[in-house]
Every structure is written in structure tokens, then in C-alpha cells.
Amino acid sequence: MGRYVIRRLIQAIPVLLGATLLIFCIVFALPGDPIAALFGDKRPDPAIAEVLREQYHLNDPLLLQYWYYISGVLFRGDFGVNFADIPVSQIMAGKFQITLNLALTALTMEAVIGVGLGLWAALRRGKATDTMILASTLLLISVPTLVTGFVLQLLLGVKLKQWTGADIFPVAGTFAGWRSYLLPGFVLAGTSIAYLTRLTRTSLAETLRADYIRTATAKGLSRRRVVGRHGLRNALIPLVTYLGADLGNLMGGAVITETIFNLQGIGNQLFTSVYLREQPVVVGIVTVLVLVYILANLVVDLLYAVLDPRIRYE
Amino acid sequence: MRVTKGARIVAGTALLALAVAACGGGASDSGGTAAGGGETPVRMEIGEPQELLNPQNTTETEGSEVLAAVFSPLVRYDENKQPVEEAAESITTTDSKVWTIKLKSGYTWHDGTPVTAADYARAWNFAALQDNAMSSSYFFGRVDGYEDVHPGEGKTPSAKEMKGLKVVDDSTLEVTLAAPFSQFKTMLGYTAFYPMPKSAIGPDGKVTQAFGEQPIGQGLFKLDKPYKKGTDPTIELSVYDKFPGKKPTGWTKLQFKVYTSSETAWNDLQAENLDIHDSLPATAISTAKQVLGDRYFDEPDASIGYIGTPLKYNKDFQNVDVRKAISMAIDRKTITDTVFSGTRSPADDFINPAIPGYRQGACEACTYNPAEAKKLYEAAGGPKTIELGYNNDGGHKEWIEAVANNLRANLGIEVTPKPFEKFQGILDALDSKEYKGLFRMGWAIDYPAAENYLTPIFGTGAIGTGSNYGGYSNKDFDELVAKGDQATDSAEGLKFYQQADDILLKDLPYIPVYFYRSNFGHSTKVKNVKLNLLNQINWADIEKA
């Protein structure tokens, strides 16, 4: 098991290096001059643009630029600076904290609400509860995050405070500690909750029809034990796979939610940095996201072994 | 001045176009909950400053707004839009060429040391020196000796300091310009002309990171702690005790809250989590009027939007009648009312109403007259197909489409709106002759003088280095502007500038379409909120309600 983990981690190194080079090339290949972009709608003073290009090595060939970057990262632990001379490590540290809080809140909500509802629906299959749950998840899937975000912000953030005077769900920002993440967490988790509910329902319904469940029931085990121990545990494998992959999505793809709730997280930063062609920032963030995916996948694989004793890693 | 709000609105408006559609009116103003302990600051909305907080490298609106609280300018602008001395005791000249700036006594840096004339000379020389790559460098282009410190691309400066700047004594600075410029005093209120303390420059000759995060100014507010750009959601300031000018009564704490979307800030304002919002989104305007009532303001803003014509690049537009016909075919009123929900007003001059020198209705060809337009266009043999270039990153698509519809319907020609990723892309395409159609153009002033709408955009000298992207060149115009520059007083100069403006109105090198407006609002917790000509808040006047 330990050896398996180490082997997986070593395999991650070329993946990460490849990712940095690939992203570096992609940002490089984007049309437009990053220095000109700094000057907005005005033509930059050619003399100043020249000094800046020199300063950020923009006149050098691609591979040399990449070497400057990657040697800084590997030998000095220096992730470079953006065009305002702010170290990328400083930018990433602050923003990943916020995004991680948001993603974990969303993931917890998915796991609790999604699996909970799915379980309920599976046990009441074909009844009114089941139909209602299915209908409401359909609604959640079809309404874009943009709409749920704004509507919930307006109702639970603005209006609730105006009506009751109590500041339960902050409208925006991270000033209220963990409470700040409840609303955006739910909005971000919205579609995933719906998918997870449906996934749980189907997976559990499938499992509950299996022979060993019939055997367990015939043995006289309690319903709780049959469903919990034998049913749900076996139904969990696809759910864990989904949750693991979703963590990466939640971290990198929260641009809209972050913007609506003014959380200055990684999604927003990535959006701006791609726009401004800030190679070091984009590469830094994407590399960390790749790392998150790799680790999440590893954890998922390890969890398979826990859930299903037949799976063993040497 | 470059407007980063544009960039932010990409993240904002483009993603959040649906915005406040669900927003109903008639909200009641319940009192906010008081935060326990300490003074609740006055909270102001900004977008993230583009650079570190260094006045000489800040030419965008968000950073300027913060710096305006931390620094006190040499001049401010009074009710009549005229510059009056603020940190300066007097600013005098006899020939508009040599200017003597006497500093008011009593000003100290936030670290306690007195402000001297050398601090001004240091800042201006630092900004002008090419190697420092400061974005405000061009502001000093009129100072004698600028060529030596800023010789241009590929050349090495032959001096470190401009010979036109002379520190006479601790409180007197003498500025010699390369040529007379009657509006120099008006320029001095801008961010680039703030002084710089000696401690700002590190041993490597650059502005230190520490200064950029927590600038030491000589203004009303000082930063409580370094602002970590990209990480901190707020910038915290408090009143500097030893500030010699007017201080606000009843409050001492100011907080800038950084927003990525102006829609979100608007929701925060409604929930009273924010006190002042000076860039209300167009989607929220009708609701804001209802919800805020007399706390909503709508004032002229000094920026202007045009349709640019590529005179230098395309013969089709060289006939003035073609440009006039296009101008007359644009229904400005409908565009500003519907596309912009009233956040712009129809343009009728090259000079903006916020600035002295504007004449209402000066642009005759700016009146909507489709019948006359068609006649004129056909008589002049205007092109049958037109391309209309715009940059896709600043919310321009809608009004460009509207203009295209106007031209199609009224001139009976084929019009293709052509999106470019960034504004710079249009200029590059024009230069490389890949594109030769009309283009969207906007101008935000660098200093509030009529001259700023003329020289940098239409002067012959501004082709190539300035913002004269269409390549318009008219000797009479250049001469009149020069006469205005040489005038010995501002008012006399204005007469010549207006005559130069008349030439533009006759030639229509660009077609003015709309003037911007400032839409701002505030919470129930503050009152007496006013914006100055540079769209910055007069903090000393604000009272807590």
C-alpha cells in the first residue's frame, strides 16, 4: 500500500512538469501583447513597453522563457511575479485558502445533501417522495448557477437582512468567517447535489436488487443494517469517484460563484490572469489544480480498497 | 487615464448579464446592525488596483481613488471646475513657460517628516526617467529636459533628472516647460504629480515593495497596514492627525472594499454592507433610482465615446460629407436611453460637459437626421459596405450593433460589426493594413482641461506616439491649439481651444457618439457625498448620518 502510494506520487512528477510546459505554451500562443494589455485603451509608450518587455523576458524565445520560469521554481522555489511585481506564491496562498474553504463547504454539502436525498429517494422508489426529489433535482440541474446565485443572494442575503435586520447570510465577501461560505457553497454545489442525488438513487436501487441483499434480508438482519452495511457501502464506489473528480472542478471552475459572492478566489484569478496573459500566475495555478486532481484521484483509489475489500493495492 | 473598470466589467457584466433582473423595487431601509466595538468605517467600493500603490505608476481609476485619499494634490478643482491651490500656496507664471510652485507650510509625511519641494522634484524625475518604466511618464512630456531622460525606444537616457525642474528652496519649485502651456496648473491635480518621500526609493533605485503596499503620503488618510494586493479584500485607512487641511467631522476610519463585480457591490449597498458605490451597473440603474431615492446621483463624467474613422488608412472616409452623413445617421438619443439605460448622454461637442469650454449643441452633424444623411451620403459616394471594429472586452458590442443598425437602415448600406479581442488589436490591425474600417474609440481625460480633448487625440504630433489613431492632421487646428497653449491665462487659452474645436466639428475626424455619466449612490449611514472632476470623493465633506 505504502509502496503503491509512493509509485503514484512519483508518476505525478512528469505529469506536473508536462502540464507546466503545456500551459506555458498555450498562454504564450494566445494572440495579443501582454504589455499592451496593461495600458488598456491607450497605445503604450514604446520606450516604456520596451523596458517592461525586457524586464519580464518577453523578447526571449519561448523555450528560454520557460527555462527562466521552471528553473526558478525548481531551484529557488520562486514561482515568479505577475505584471504588478507581486510574487505568484503570495497570490496563490491567499486565493487558494478562499477557494479551498469554498470547495470543501460545497463538497460537504454535496456529500450530505446529495447522498441523503438519494438514499431517501431510493428507499421510497416510485412513491411521491421519490418523484418530488427527482423533479426538484431536475430543476436544480436546469437552472444555471448564475440564476441560483443571484436569486439566493438577493433573497437570503439582501432581502432577509432588510426584513429581519439579522445578517445571517452575508451578501458578499469573507468577512463573516465560515458563514460567508454557506450560500456560495450551496450555489456552487447545486448541480452536483442534483447529480449526486440521482447517482445515489440509481446506484443504491441497483444494489438493493442484488442477491446478497436478498440473502441478508432472509438472514433476518434489520433493515437499517441491510441498507447501511450491505447496500450503501457497495453503492458508494461510483459516488466516491464522482466526489473525487468534483473537488477539482469545484476548485478551478468556481468563477461565476466567486464573482457573484465577491470571493477573491482562484477561479477569478485564473480568469483575469489568462486575460492579462500572466504566464507565471496561470501556470502556477493550473499546476496546483493538476496536483489537486492527482491527489484526489489517489485518495479515491485508496478509498476503493476500503469500501471493497476485494480490491488490493500492492 | 486608462479605465480598468472596463476590464473588471468583463468579469462582471459579461458573466453576470442577467444581474438584477429579479430585483424588485420598494425595499425598505431598515437600519443596519451596529458592529460591536470600535468605529464602523465609511466603506467605499473599488475594483482591485492594477499595480502596487505607487502614484507615479498609477494611471487607472481604482488605484487613483485610493491614492487620492492618501495624498493631497497641489491643486483641487472647485465648484466652477477651476483649479485652486490645495497643497500649494501659490502657482504662478508670467509667460506660461516658467511656473513657480510655492508649497503650503505644515504638510508632513505620514512618518512625521516635513514635505519639501525636493520631494516633488524626486517624484517627477523618477516618473519621467525611461528606465523606471512608470506608466505616468508621459505627463511630464512638456517639461524641459524630458527628451534627455526619456529619449524613446532603443535609446539610452543622457540624464537622470529633467533640467526644467529646479528646487529653489525647501518650499519653492520652479518648473520650466519646453514650450509655453497655459493649462499646466490644471494638470497638477492628477495622481502623477503627487510627491514622493525619500524613503520610497530603495537601494536598487526602484520604488520599494513596502512603499507600494503601504504608501507614505501627505494627505488626509494613512494606511493602517500594508495592503497585500491580490489577497486582502479591503484597504484600511484612518485620518492622519497632523494633516493641516480640512478633516471630516465625526468619523476617522475609511475602508475600501475590493469587488470583482459591480452588481455584487450594488447588492451589498442595498444590504447596507457598503456605504458608497460609484460605478453602479447599467442593469441596476432603474432599480437604484427607486431604492435609493435622493441617495442616487447621476452626474456628467468627463469621458467620451466616438466612432473613429481611419483617415490615414482608407480613402473611402476622406470625404468629410461621408463622415457627416454617418454622424447624422446615428440615433444617439435612443442609443443612450435604451442601450445604456440612461447612463450615457448623447454627444454634441468634442469637449465634454463636465469640463469648462463645452458648448451645448456645438456639433450640428450630431443631430439625428436620417433623410439628410442618406442624401449627403449618396451625393458624396460613400462606400457601400462598412466594417465597424470594436473591442470585445468592455461591453461595447450592444451599442456598436445599434450604430450598425442605424447605418444599415438610414444609409441603405451593408455594415459588419467586427469584434477584436482587445482595443490594441484594432490598432495593430490598422497599422498592418489588415483592417481599414471604422472603429470604436473612447477617451478618459488625463487632466480636466478642454485642451485634453484636442491635442492627444487629434494633434499631428499625436500620430504614432499619442492617441491619434485615425491619423487626422490639420495645420490650422495645430496652430490654434498651439496659440491656446501659449496664452498667458487659462481663459484666453480656452478661446483658442474652442476655435480648434470648431475645426474638428467641421472636419469630424471622429464621430462623437456619447458622453459618459457617473452613476453613484450611498447608504443611509453617510451623507454629503460628492465627486470631484476626477471622479474622486471629497472625503472631508462626508458626514455620518
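1. In this predicted model, helix H12 (residues 266-276) and helix H13 (residues 279-307) of chain A have axes that come within 9 Å and cross at roughly 145°, where axes are lines fitted to C-alpha atoms over the stretch in contact and angles run from 0 to 180 degrees between N-to-C directions. Helices are DSSP runs of H or I with at least four residues, and strands are runs of E with at least two, numbered from the N terminus. The crossing of H12(A) past H13(A) is left-handed, that is, the near helix is turned anticlockwise from the far one by less than a right angle.

2. To this contact (C-beta atoms, placed from the backbone, within 7 Å) H12(A) brings Ile266(A), Gln269(A), Leu270(A), Ser273(A) and Val274(A), while H13(A) brings Val281(A), Val282(A) and Ile285(A). Six of these residues are nonpolar, two are polar and none is charged, with Ala, Val, Leu, Ile, Met, Phe, Trp, Tyr, Cys and Pro counted as nonpolar, Asp, Glu, Lys and Arg as charged, and the others, Gly among them, as polar.

3. An unreviewed UniProt entry annotates residues 96-304 of chain A as "domain: ABC transmembrane type-1", and such annotations may be inferred rather than shown by experiment. The span is 82% helix and 0% strand, with its end C-alpha atoms 28 Å apart.

4. The contact between the chains takes 49 residues from chain A and 53 residues from chain B. On the chain A side, H7(A) gives the most, with ten residues, and the class totals are 25 nonpolar, 15 polar and nine charged residues.

5. Residues are numbered from 1 along each chain as its sequence is written, and chains are lettered from A in the order in which they are written. Local features need pLDDT of at least 70 and side-chain atom pairs count only at pLDDT 80 or more, whereas totals for chains, interfaces and linings use all residues.

Methods:
Two residues are in contact if their C-beta atoms, placed from the backbone, lie within 7 Å.
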